[in-house]
Amino acid sequence: MSNPPEVYLSKDLAGYGEVFRRLNPPAQLAIFGDPVVHSASPFMQNAALRKQHHDLQYIRLHVAPDELKSALGNLAAAGFLGINITIPHKQAAISLVDEVSREARLMGAINTVKIEEGKLCGFNTDGPGFATAFYEEFLTILRGKNILILGGAGGAGRALAIQCLVEGGIPIIANRNQTKGDLLKEMIDTEASDFGGILKSIDMDQETLADAVKSSDVIINATPLGMKADDPSPLPDGLLTADHLVYDTVYSGGTTKLLQQAQEVGAQSANGLSMLLHQGAKAFEIWFDEAAPLETMREALESSRN
Ligand code: NAP
């Protein structure tokens, strides 16, 4: 394989993507983001492509917000099969593709696009990736569980809340800005009543959180707290017990304060690396209609972090 630059630019997609067609193997998959240089997705996706003998590569593409529309518009002519989408484009991209799955529309964001006969089809694999990761980490399913999602009205939190409803779980979203949470609850009550579950929205003040933690089986952190080493936990001390299952979507390495709190009381806990792996595996399956080589992707992801 040739040695590509770390990050390509959206202008490289113009002119039928000559830049990408000339690579060996050609680039036909990418991750769009701003910034995108830190994305670990190329490691796991390129390992999967090699393992499955697909003669193409997956690259990082820096796309600024004002370039998103034209970059998406140039993908088909540049010969791309699909893309992943990361910060800050997941929400904006939903209105720029031709078709969107129902779950992704409810989640309000897409992280995967498949290009079929020139049409851009959008999906959200963060939610399903989380459900698979949860089962892998805790050997139990979300159905019937009371699930407190901290930062539940944010991008990832909303995807997880919808997924919990899809799986038959009982989600409570806790948001700093409760109005945002209440608006999400209202939308879900109207648009997703057929899932059967009810979404509850609460404030993040200490007393409300304490009551919610007490009545929850599962605690999920979907705030960015924990991405920086000196970040506090989103939960006050003394609330977790050994019976909680604690999932922190943060995967930036190290043990977050929330995971430390869980470990101190003997609660089972996991970080967001498994969600990252499974959302990537589900994207691969959407692009190729074949099972993703999960262990190959897991090894590539883990070694990219050493
Ligand atoms: P986002 O859309 O900005 O949402 C962040 C949420 O956290 C919002 O609800 C926000 O509340 C809340 N929040 C932010 N700072 C807070 C603080 N200091 N205290 C309390 N709440 C706070 O971000 P996102 O894209 O969803 O990402 C959230 C987290 O999910 C990140 O840690 C990211 O790494 C993780 N993630 C992981 C994966 C994975 O594969 N493992 C995938 C996607 C995202 P307000 O609405 O009140 O501002």
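The dialogue below treats the ligand, the packing of helices and some backbone features.

Modeller: This is a predicted model, in which local features need pLDDT of at least 70 and side-chain atom pairs count only at pLDDT 80 or more, while totals for chains, interfaces and linings use all residues. Residues are numbered from 1 along each chain as its sequence is written, and side-chain values use heavy atoms, with hydrogens and water left out.

Biologist: Which residues around the ligand come nearest?

Modeller: A residue is near a molecule if one of its heavy atoms lies within 4 Å of it. Of the 21 residues around the ligand, the nearest are G155, A156, R176, K180 and G272. By class, this shell holds 10 nonpolar, eight polar and three charged residues; here Ala, Val, Leu, Ile, Met, Phe, Trp, Tyr, Cys and Pro count as nonpolar, Asp, Glu, Lys and Arg as charged, and the others, Gly among them, as polar.

Biologist: Which backbone atoms lie 3.0 Å and 2.9 Å from a nitrogen atom of the ligand?

Modeller: A backbone N or O atom of T249 lies at 3.0 Å from a ligand nitrogen, and one of G272 at 2.9 Å from a ligand nitrogen. For N177, a backbone N or O atom lies 3.2 Å from a ligand oxygen. Taken alone, the ligand exposes 930 Å², of which the protein buries 78%; such accessible areas come from the Shrake-Rupley method with a 1.4 Å probe. The elements giving two or more residues to the shell are α6 (155-166) and α10 (273-288), where helices (H or I, at least four residues) and strands (E, at least two) are DSSP runs numbered from the N terminus.

Biologist: How is the packing of two helices described?

Modeller: Two packed helices are described by the angle between their axes and the distance between the axes. Axes are lines fitted to C-alpha atoms, for helices over the stretch in contact, and angles run from 0 to 180 degrees between N-to-C directions. Helix α5 (residues 126-138) packs with α10 at about 125 degrees, their axes 7 Å apart. The axes of α10 and α11 (residues 294-304) come within 10 Å and cross at roughly 135 degrees.

Biologist: What does one look for in the backbone?

Modeller: Most residues other than glycine have a negative phi, and most peptide bonds are trans. The bond from N24 to P25 is cis, with omega near -5 degrees, and P25 is in the loop between α1 (18-21) and β2 (27-33). Another cis bond joins I87 and P88, with omega about 5 degrees. Y16, a residue other than glycine, has a positive phi near 60 degrees.

Technical notes. A polar contact is a pair of N or O atoms within 3.5 Å; within protein, one must be able to donate a hydrogen and the other to accept it, and residues adjacent in sequence count only if both atoms are side-chain atoms.
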